[in-house]
Amino acid sequence: LVSFLVLPLLALNLPSPDKVVRHEGYATQILDRNGETLYNVYVNQRRNPVNLSDIPLYLRQATIAIEDKNFYKHKGFDVLGILRGFTRIFTRGYAQGGSTLTQQLVKNVLLSADRTLVRKIKEFVLAIEIETKYSKDEILQMYLNEAPYGGTAWGVEAASEVYFGKKVKDLDLIESAILGGLPQSPSRYSPYSSNSKAYVERTKQVLRRMREDGYITADQEKNANSEVANVSFQPQGASFKAPHFVQYVQKILTERYGEAAVEQGGLKVTTTLDLSLQDKAQGIVSEEIAKVEKQRITNGAVVVINPETGEILAMVGSKNFNDPNYDGQVNVTTSLRQPGSSFKPFTYVTAFKKGYTASTLIMDVPTTFPGGGSNPDYNPVNYDEKYRGPIQLRYALGNSINLAAVKLLAMVGIKDVLETAYSMGITTLPPTSETLNRVGLSLTLGGGEVRLLDLTDAYAPFMNKGFRVDPLAILKVE
């Protein structure tokens, strides 16, 4: 009756077994220029596909030993496993699942997790179909890419990066045994659960099964058991590296490809960032801010750009991304800030374009600039409140003399300086009438707001004999 009536009727509504091969729903990987993972963009489930050849043998053996010891022998279902699970009613007081890895794959990808007889029959039929269509290694690879490992981590590559901060191919025996034991109950055994040591006993069970099945020796089991409680895991959220830069890149990707492609398209994005340089820059910001916090300076930012290519090598948006006391999640490198004296070179290069030379003399003496109309007069002073009399432009620029810079701006014209700065990459101060009405002679001292990213990029022409490059954050999208 089951064979000739029930199964054919159920088969009418079964999904195609071909759908077990996933073609979408993978996370977008954002990498630095050397292939180091910065972040994974996904909706609810983080998946990063990996080939079976890149999964350590220990992890494959651990999974088979604890989940389905007869995997390479059965045809999709294990009669002994089903009987063993049923007998647990008498030994433990409750039934235990006897599902094979193939059946678990069907449940994870094609069906729901409902515990109903109809669902189990569908699972059974689909498991047999998949076993006839795909090889054991193909099924194992799909399972290891689809199994839940806790939180949003689905598949061994995502789990390895979340828990250990490394690629799955770099896992050792103990780490492989830990991951092998998670899929049965990820929320219970995860090291991020309320019982952070629950994984220890589960891992010892995995190691025992591996030894019983001949995958490891008794000495290997003993040594691993003595060290498993001391395994180091990443802090939760630690996999978010260079967060402000990642958000900057994600915005570019979304504008270019759309949210669906970024969140579920499995893109592999190689960026311009150098993570080792990024980490050094982040440390320098923290060190330097610590020196001046008594002066009520609490935040800082860094941009490092290759002037020849425009490639962004580092982007530190704040002292601490996770600190709410000074809006740490605000990216200062793309926010409007007054640039101070770093704007002066645009005034000087405008003067050089007009025929002034580095030896041109300018008078560094107290000077009043009329405000015009109802505006107050402008009386700039030097940072040391001293005056040097006649001074060459090279020394005025080299010593950042305020009064000389203001006087030079008045001589060459505010609009011409704005045109120079805009052509070099300062996007927030276009040479329009609105900007001219907003800024005055204090422009050369930083009186107009700019973005640090623009400012850093606008310095590139000084290195490139006048040629401008635009900031570049992405090298390759696959």
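## A walk through the helices and cores

Let's start at one residue: arginine 202 sits in helix H10, where helices (H or I, at least four residues) and strands (E, at least two) are DSSP runs numbered from the N terminus. The model is a predicted one, so local features need pLDDT of at least 70 and side-chain atom pairs count only at pLDDT 80 or more, while totals for chains, interfaces and linings use all residues. Residues are numbered from 1 along each chain as its sequence is written, and side-chain values use heavy atoms, with hydrogens and water left out.

Is arginine 202 buried or exposed? Arginine 202 is buried, with a relative accessible area of 5%; buried means under 20% relative accessible area, exposed over 50%, and partly exposed in between, using a 1.4 Å probe and protein chains only. Leaving aside residues up to four places away in sequence, arginine 202 touches Ile66, Glu67, Gly181, Gln184 and Tyr189. A contact here means heavy atoms within 4.5 Å.

Now step back to the whole protein. It has 21 helices and twelve strands, and buried residues make up 45% of its 478 residues. Take the contacts with a separation of 6 or more: residues 24 or more positions apart account for 70% of them.

Next come the nonpolar cores. A nonpolar core is a set of buried Ala, Val, Leu, Ile, Met, Phe, Trp, Tyr and Cys residues joined through side-chain atoms within 4.5 Å. The largest one has 49 residues, and Leu144, Tyr149, Val156, Leu179 and Met210 touch the most other members. Which elements give two or more residues to this core? They are helix H2 (57-67), helix H4 (101-109), helix H5 (117-133), helix H6 (136-146), helix H7 (156-164), helix H8 (173-181) and helix H10 (198-212). H7 supplies the largest share of this core, six residues. Apart from it lies another core, of 29 residues, among them Leu393, Ala421, Leu429 and Leu441.

H7 deserves a look of its own. Nine of its nine residues are buried, so H7 is largely enclosed by the rest of the structure. The buried residues are Val156, Glu157, Ala158, Ala159, Ser160, Glu161, Val162, Tyr163 and Phe164. Valine 156 touches Val50, Ile55, Leu59, Leu144, Tyr149, Val168 and Leu179, again not counting residues up to four places away in sequence. After H7 comes glycine 165, whose phi is positive, near 65°.

How do helices like these sit against one another? Two packed helices are described by the angle between their axes and the distance between the axes. The axes are lines fitted to C-alpha atoms, for helices over the stretch in contact, and angles run from 0 to 180 degrees between N-to-C directions. H7 and H8 pack at an angle of about 115°, with their axes 11 Å apart. Their crossing is right-handed; a crossing is left-handed if the near helix is turned anticlockwise from the far one by less than a right angle, and right-handed if clockwise. Here Val156, Ala159, Ser160, Tyr163 and Phe164 in H7 meet Glu175, Ile178 and Leu179 in H8. By class, that contact has six nonpolar, one polar and one charged residues, where Ala, Val, Leu, Ile, Met, Phe, Trp, Tyr, Cys and Pro count as nonpolar, Asp, Glu, Lys and Arg as charged, and the others, Gly among them, as polar.

H8 also packs against H2, at an angle of about 40° and with the axes 8 Å apart. H2 and H8 are therefore oblique to each other: angles under 35 degrees count as roughly parallel, over 145 as roughly antiparallel, 65 to 115 as roughly perpendicular and the rest as oblique. The crossing of H2 and H8 is right-handed. On the H2 side, Tyr58, Leu59, Ala62, Thr63, Ile66 and Glu67 meet Leu173, Ser176, Ala177, Leu179 and Gly180 in H8. That contact has seven nonpolar, three polar and one charged residues.

Finally, a couple of loops. Most residues other than glycine have a negative phi, and most peptide bonds are trans. Alanine 242, though not a glycine, has a positive phi of about 50°. Alanine 242 lies in the loop between helix H11 (218-227) and helix H12 (243-257), and it is buried, with a relative accessible area of 9%. Serine 400, also not a glycine, has a positive phi of about 50°. Serine 400 is found in the loop between helix H16 (393-398) and helix H17 (402-412), where it is partly exposed, with a relative accessible area of 24%.
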